[in-house]
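Here is a short note for a colleague who is opening this entry for the first time. Please read the points in order, with the picture beside the text.

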Amino acid sequence: MYEEPYRWVEAVGNRRQYLDEQFAQGSPVVGVVCDQGILLMTMSKGTPKLYEIYDRLAFGGMGHPADLEKLRFTLLEMAHVEGFNRSAADVTGSRLVKYGIAPVVKQAFEEVFKAPSIVKIMLAELGQKAGKDNFLTINYDGVFEEKNQYAVLAATSSVEQRMIEYLRPQSCVSLKEAVDLVIRTWAVGDRAQRQAHELRESHEGAKESSDQLVTDSQTLLTHIRQRMEGKMIECALLDRHVSGTSKYRTLGSVELKALLPSDLSSALT
Amino acid sequence: MQGDFYQILKEQGYALGMPGQSGAGQPLTTATTILAFKYCDGVLVAGDRRATAGNMVMYDRTDKVLEIDRHCVMAIAGVPATAYEMARVLEHSFKYYRRTQLQELSFEGKLRALSKLLKENVPAALAGTGAVVPIFAGYDADQEAAKIYFYDILGAEFEGVEYAVSGSGSPTIRGILHYVNTWGEQPLSTMSQEQATIQALRLLTCAAEFDSATGGVNREAGLYPVVKLITAEGVTAMADPYLRSLFESNVSKGV
């Protein structure tokens, strides 16, 4: 039934709709560059969504855990074989994405007889020199983008746009400022996603919510506090100052407590 | 999905230490002195810096005490090409395991990984083109203790309860280590970091005295042995200025 081109286009369109629904209640991912390195943040129910890929590469994902695991393993294998056969300096996020997983994700998306990969991926890469940090994001259809200072993943591109609008004018230098910023940006995204979802559920409109962007810190922190029930804040850092070749480390609960805004750290168990 | 990096390499056609008939009989870069012993905070591992081929000195700045991860080192004696390759395989294997399985490979698992590589290397070792006799030392997080293991060229692993030595200069210092540990002023395991470092410098100086394939201290060139300490906090390399000051105040007067 897909032999005619327009049917194939229609099938891909349906697939887009199906995938958008899968991400509707996912947890956004935020990454920002600060003095100490690159900070990644998301909220998870227990299965982590932030991982180490290579010495200077970190991975954040939204979507189905099994699909994320499959692509994470692909990245890990490619990175380590390349690092062994050539050198650690040749393992770059750009090569892994462009020649590695982006074609795989795109192919899975377009092969309409097979299941697509329910994934959105962010790769953060700590540069060898200051100012050379890099982010790559890959959408479920294989489209990838490169960014320098920050990157976000969220259910839809309009939610991502809102998060970027909130994030862009703000500066963060210290790790504490970066933690504060990623938490609030996450809240902007999660709040927008929930509003859009509720609107769809109540049949008031099939489109995204069109209300004003909430930027009031207190509202955002209250939202986070509500969402923290049964979930955990996950933060990972590609730390410039850590000795040795592997720069990735997760922020443990003690460190996170000290870095979070005070009214949130008390809610952290 | 087993987290086995070496298996992935092999599936891609990688082979460690192929025996080379044409290489047999050629002078290979070998010979060395490496040592490890327990001191009060953990384990000290040290090695001289000379690489020789027959009676030729190939290089005087070799680092034979290789950091495999934050808590483990492999000190190498034997053919450096194979030894460095083994160290690279191990380093990538441990990282790959940690990153895929989201937990550290156990200390026991790390020991077996080296043993496996040595077994795979037996044909090259017996052909005379790739023998490696390493010491592996690290901090065992489960047992909360720093440990030393030494191997033969076939891959058998033995625990050095108090110390281990390897390389052409090792017979000289093995007896000294036994003597110092048994009848010295204090056992090695109670020595402070400074006392342990002085012992290591003296032992390597002794080895260099009697083994031409072991490089001693070259003060003119500012060349000192490599000394690394393994404690619960991880691996620390001793800086040359520190070694120089200990050498000048505690070792050189007797040389």
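**Notes on chain A and on one residue of chain B**

1. Chain A contains eight helices and ten strands, and its radius of gyration is 19 Å, close to the 18 Å that the globule rule gives for 269 residues, so chain A is as compact as a globular protein of that length. Please keep in mind that this is a predicted model.

2. Taken along the principal axes, the box filled by the C-alpha atoms of chain A is roughly 60 × 55 × 30 Å.

3. Chain A carries 32 positive and 36 negative side chains, with the centres of the two sets lying 2 Å apart.

4. In chain B, the residue to look at is B:Asp140, which belongs to strand E8, residues 135-140. Is B:Asp140 buried or exposed? B:Asp140 counts as buried, because its relative accessibility is 7% and buried means under 20%.

5. Apart from neighbours within four places in sequence, the residues in contact with B:Asp140 are B:Phe107, B:Ala145 and B:Lys147. A polar atom of the B:Asp140 side chain also lies 3.1 Å from the backbone nitrogen of B:Asp142. As for B:Asp63, which is 77 residues from B:Asp140 along the chain, the C-alpha atoms of these two residues are separated by 24 Å.

Terms used. Residues numbered from 1 in each chain as written. Chains lettered and ligands numbered in written order. Predicted model: local features only at pLDDT ≥ 70, side-chain atom pairs only at ≥ 80, totals over all residues. Heavy atoms only, no water. Helix = DSSP H or I, 4+ residues; strand = E, 2+ residues; numbered from the N terminus. Buried < 20%, exposed > 50% of the residue type's maximum accessible area, 1.4 Å probe, protein only. Contact = heavy atoms within 4.5 Å. Polar contact = N/O pair within 3.5 Å; in protein donor to acceptor, adjacent residues only side chain to side chain. Rg over C-alpha atoms; globule rule 2.2 N^0.38 Å. Lys, Arg positive; Asp, Glu negative; His and termini not counted. Charge placed at Lys NZ, Arg CZ, Asp CG, Glu CD.
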